[in-house]
Amino acid sequence: MVDKILIENLSLQYSDGAESLRNVSMGIRENAVTVLFGPAGGGKSTLLRCLNRLNDLTDIKTSSGQILIDGENILDPKTDVIALRRKVGMVFARPVPLPMSIRENVVYGLELAGETRGSKLNEAVERSLKLAAIWDEVKDRLDEPAVALSGGQQQRVCLARVLALQPEIILLDEPTSGLDPISTGKVEDALLELKKEFTIILVPHSIQQAARTADYAAFFLTGELVEYGEGKSLFTIPKQKKTEDYIMGRFG
Amino acid sequence: MMTKFLSRNRHAVQRLGFVAITLMAIVTVLPIVGTILFIIYKGGSAISWEFLSGFPHDGMRAGGIFPAIVGTLYLTLGTAVFSVPLGIAAAIYLAEYAKDNQWTRLIRLAIINLAGIPSVVYGLFGLGLFVLFLKFGTSILAASLTLSIMTLPVIISASEEALRTVPQAFRTVSISLGATRWQTIRKIILKEALPGILTGVILGLERAAGETAPILFTGAAFFLPRLPNSPFDATMALPYHLFVISTQVPEMPIQIQYGTALVLLAFVLTMNVIATVIRSRARARRQW
């Protein structure tokens, strides 16, 4: 197993003084689920948004350090961010279907990437909807508005939309926070399948979900990486007092 | 005593309140409906095919208003040509690209103030800039440009508002899928904002169609025996024609005045109805 992503001394502060990262260094393994967890405002989402440079849309006061993906520093101003975002897909906390049909949602990124061949697009629709475990539920209604689906279905279509671009890394920011337990289970099952092919970084919406899904887990508190290790050992015998307190529910 | 009375008769008080509010609502609607009905009543008899398609004759005391109708159409279209692309582009800049700083605050302040300038001032400005300085003469071109400046703030404000109403999440998601800002605007934001933008455009043009003062010095003609055949010709126009036949021509038959007013009103109200239909249809179809 190799590190797909190497984060080195990453620090960041937003212009409004909100949530920031303090000197975070960690490696993220290929073909595994790495979970970033901790109380709100700890820097988890910020870190995710650094990995696909979505933070470019936000006002940032200062940032330093580097993020190497396959050995290349993606924070370099010369990075092709469009190509980066195709390689590093993201699923958001609330499902956001674009105002178009299910099929159009799935092929949106591909069409922007210049794919016009109908056969390729159809292939991508079927392949990615199957990977996201939603194909059977939507295959007969691909041309209906995506917004007509239930929240859980929408979120899996959003996942399929990311998968259609054949990314290498998938970022998920509390993807099940608005979903019922059954939909949550489906999304988690899909993730377990997906980690065979992709590098997955998940901000879970609960500690239980973190423990269920994590191959590796990182505990963040007020912008600092407190503890990082294999999921199994971190959730059973945490090394740090703060991690233990948080997992035991002594603060949140 | 009073509070006791009120608390015991809460339902009566509530009903009284409703009656008062309903009455006030009726009072506000009455003048509009009254005006329309009055103009239809006075001018309806003047409307005929000859009135709509003929030229005025006998010193405008008889005949039709065809050149004024065509002129107003030309001026409205001319205004659209300049103000719509410019207005939408400005709105896209303000809503999608501009950062909130001194500079954009200055632009916004300018737009708000532009909307408050009396229309006759636009007319004088148009005379100075387009007619005299740029030597366009009193022409459809000069009048359209003058009306465009007057219409711009309406179109910019409405379009910016429409763009801002489109959920931010669409932008974030689109960009995260490898779209550029401009692709996001073109493929999603503009499409979703289009009904709101169109409403603003129509309301702006409707105002331009009904204005007299801005075209008074810049392009309106008292009387022309033929239709204009280039943008550098002056033109007759409905609002100015109405002003002329109401104040400048003695012994003017009253039904021609009201007939002209009715045509202008119908023109403007039709645009209004189109805007309303677009808006309500879009609202029903909206997916967010």
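Just after helix 1 of chain A, A:Arg53 takes a positive phi of about 60°. Helices here (H or I, at least four residues) and strands (E, at least two) are DSSP runs, numbered from the N terminus. The model is predicted: local features need pLDDT of at least 70, side-chain atom pairs count only at pLDDT 80 or more, and totals for chains, interfaces and linings use all residues. Residues are numbered from 1 along each chain as its sequence is written, while chains are lettered from A and ligands numbered from 1 in the order in which they are written.

Helix 1 of chain A covers residues 44-51 and is mostly covered, with eight of its eight residues buried. A residue is buried if 20 or more other C-beta atoms lie within 10 Å of its own, exposed if 12 or fewer, and partly exposed in between, with C-beta atoms placed from the backbone. Among the buried residues of this helix are A:Lys44, A:Arg49 and A:Leu51.

A:Ala18 lies in the loop between strand 1 (3-14) and strand 2 (21-29) of chain A. A:Ala18 counts as exposed because it has 10 C-beta neighbours inside 10 Å. Between A:Ala18 and A:Gly41 there are 23 residues of separation in sequence and 8.0 Å in space, C-alpha to C-alpha.

The two chains also touch. In this interface, 19 residues of chain A are in contact with 16 residues of chain B, where contact means that C-beta atoms, placed from the backbone, lie within 7 Å. On the chain A side, helix 2 (81-87) and helix 3 (102-112) each supply at least two residues. That side divides into 14 nonpolar, two polar and three charged residues. Ala, Val, Leu, Ile, Met, Phe, Trp, Tyr, Cys and Pro count as nonpolar, Asp, Glu, Lys and Arg as charged, and the others, Gly among them, as polar.

Two packed helices are described by the angle between their axes and the distance between the axes. Axes are lines fitted to C-alpha atoms, for helices over the stretch in contact, and angles run from 0 to 180 degrees between N-to-C directions.

| Helix pair in chain B | Axes come within | Crossing angle |
|---|---|---|
| helix 2 (residues 10-43) and helix 12 (residues 254-285) | 8 Å | roughly 130° |
| helix 7 (residues 140-165) and helix 9 (residues 181-210) | 8 Å | roughly 155° |
| helix 8 (residues 168-176) and helix 9 | 10 Å | roughly 135° |

Angles under 35 degrees count as roughly parallel, over 145 as roughly antiparallel, 65 to 115 as roughly perpendicular and the rest as oblique. Helix 7 of chain B and helix 9 of chain B are therefore roughly antiparallel to each other. Their crossing is right-handed; a crossing is left-handed if the near helix is turned anticlockwise from the far one by less than a right angle, and right-handed if clockwise. Residues that meet here include B:Leu147 and B:Val154 in helix 7 of chain B, and B:Ile189 and B:Ala193 in helix 9 of chain B. By class, this contact has 14 nonpolar, seven polar and two charged residues.

Helix 8 of chain B passes helix 9 of chain B in a right-handed crossing as well. B:Phe170, B:Arg171, B:Ser174 and B:Ile175 of helix 8 of chain B make the contact with B:Thr184, B:Ile188 and B:Ile189 of helix 9 of chain B.

The crossing of helix 2 of chain B and helix 12 of chain B is left-handed. Among the residues that meet are B:Ile36 and B:Lys42 in helix 2 of chain B, and B:Tyr258 and B:Leu265 in helix 12 of chain B.

Terms used. Two residues are in contact if their C-beta atoms, placed from the backbone, lie within 7 Å.
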